[in-house]
Amino acid sequence: MRALDRLPLRTPAAGRAVVGPMRRRDLAEVLRIEQASYPSPWSTDVFRSELAQMQRGDRHYVVLRRGGALLGYGGLMFAVDEAHVTNIAVSPDHQRQGLATRVLAELAWHAVARGSVGLTLEVRV
């Protein structure tokens, strides 16, 4: 079985979280999660820069929502035929529910659809 065959389905059942593109209007909620998740969180300016690069096709950012509430987000950077996960987080109140896996799976699907042959994620502890 290929690794992609084990990823969660892209189409959620009713009532489940839905993944969509990150927009500037999401940044206030994204920043709340970012600040709660990381000791050195990204600033508003960093996210704005990343979204500008998304418009040029160099990045891809998504948010995960359930019932209108933003629960998590993640992003990719593209270089030649590889994709790198730049950031991923889920609201502390909604962790341990598989939501980060859902975001990561969506990012992986997007990387494959774009033709990436490699996907990396740097983890710092």
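Residues are numbered from 1 along each chain as its sequence is written, and side-chain values use heavy atoms, with hydrogens and water left out. In this predicted model, local features need pLDDT of at least 70 and side-chain atom pairs count only at pLDDT 80 or more, whereas totals for chains, interfaces and linings use all residues.

The protein has three helices and five strands. Helices (H or I, at least four residues) and strands (E, at least two) are DSSP runs, numbered from the N terminus. Along the sequence these elements follow the pattern β-α-α-β-β-β-α-β. Of the 125 residues of the protein, 37% count as buried; buried means under 20% relative accessible area, exposed over 50%, and partly exposed in between, with a 1.4 Å probe and protein chains only. Among contacts (heavy atoms within 4.5 Å) with a separation of 6 or more, residues 24 or more positions apart account for 62%.

The five strands form an open sheet in the order β1-β2-β3-β4-β5, with mixed pairing. Two strands are taken to pair if DSSP finds at least two bridges between them. The edge strands, each pairing on one side only, are β1 (18-21) and β5 (118-121). Direction ignored, neighbouring strands of the sheet are turned by 25 degrees against each other on average.

Strands β1 and β2 pair in the antiparallel sense over four bridges, and Gly-20 has Val-63 in β2 as its bridge partner. Strand β2 is mostly covered, six of its eight residues being buried. The pairing of β2 with β3 is also antiparallel and runs over eight bridges; here Arg-59 stands opposite Met-77 in β3. The hairpin of β2 and β3 has two residues between the strands, and Gly-67 in this hairpin takes a positive phi near 60 degrees. Strand β3 (residues 69-79) pairs with strand β4 (residues 82-90) in the antiparallel sense over eight bridges. Tyr-73 stands opposite Ala-89 in β4.

Helix α2 packs on the sheet, where it touches β1, β2 (59-66), β3 and β4, and its direction makes about 110 degrees with that of β2. Helix α3 (residues 99-114) also packs on the sheet, touching β1, β2, β3, β4 and β5; the direction of α3 makes about 35 degrees with that of β3. For these angles, axes are lines fitted to C-alpha atoms, for helices over the stretch in contact, and angles run from 0 to 180 degrees between N-to-C directions.

Two packed helices are described by the angle between their axes and the distance between the axes. Helix α1 (residues 27-37) and helix α2 (residues 44-55) pack at an angle of about 125 degrees, with axes 11 Å apart. The two helices, α1 and α2, are therefore oblique to each other; angles under 35 degrees count as roughly parallel, over 145 as roughly antiparallel, 65 to 115 as roughly perpendicular and the rest as oblique. In the contact, Leu-27, Val-30, Leu-31 and Glu-34 of α1 meet Thr-44, Phe-47, Arg-48 and Leu-51 of α2. By class, this contact has five nonpolar, one polar and two charged residues. Ala, Val, Leu, Ile, Met, Phe, Trp, Tyr, Cys and Pro count as nonpolar, Asp, Glu, Lys and Arg as charged, and the others, Gly among them, as polar.

Thr-86 lies in strand β4 and is partly exposed, with a relative accessible area of 22%. Leaving aside neighbours within four places in sequence, Thr-86 is in contact with Trp-42, Glu-50, Tyr-61, Gly-75, Leu-76 and Met-77. The C-alpha atoms of Thr-86 and Arg-59 are separated by 9.1 Å, the two residues being 27 residues apart along the chain.

The loop between β4 and α3 contains Ser-91, which counts as buried at 13% relative accessibility. Not counting residues up to four places away in sequence, Ser-91 touches Ile-33 and Leu-71. Arg-96 lies in the loop between β4 and α3 and counts as exposed at 87% relative accessibility.

Most residues other than glycine have a negative phi. Phi of Arg-96, however, is positive, near 65 degrees. Val-80, found in the loop between β3 and β4, has a positive phi of about 55 degrees although it is not a glycine. Val-80 is exposed, with a relative accessible area of 88%.
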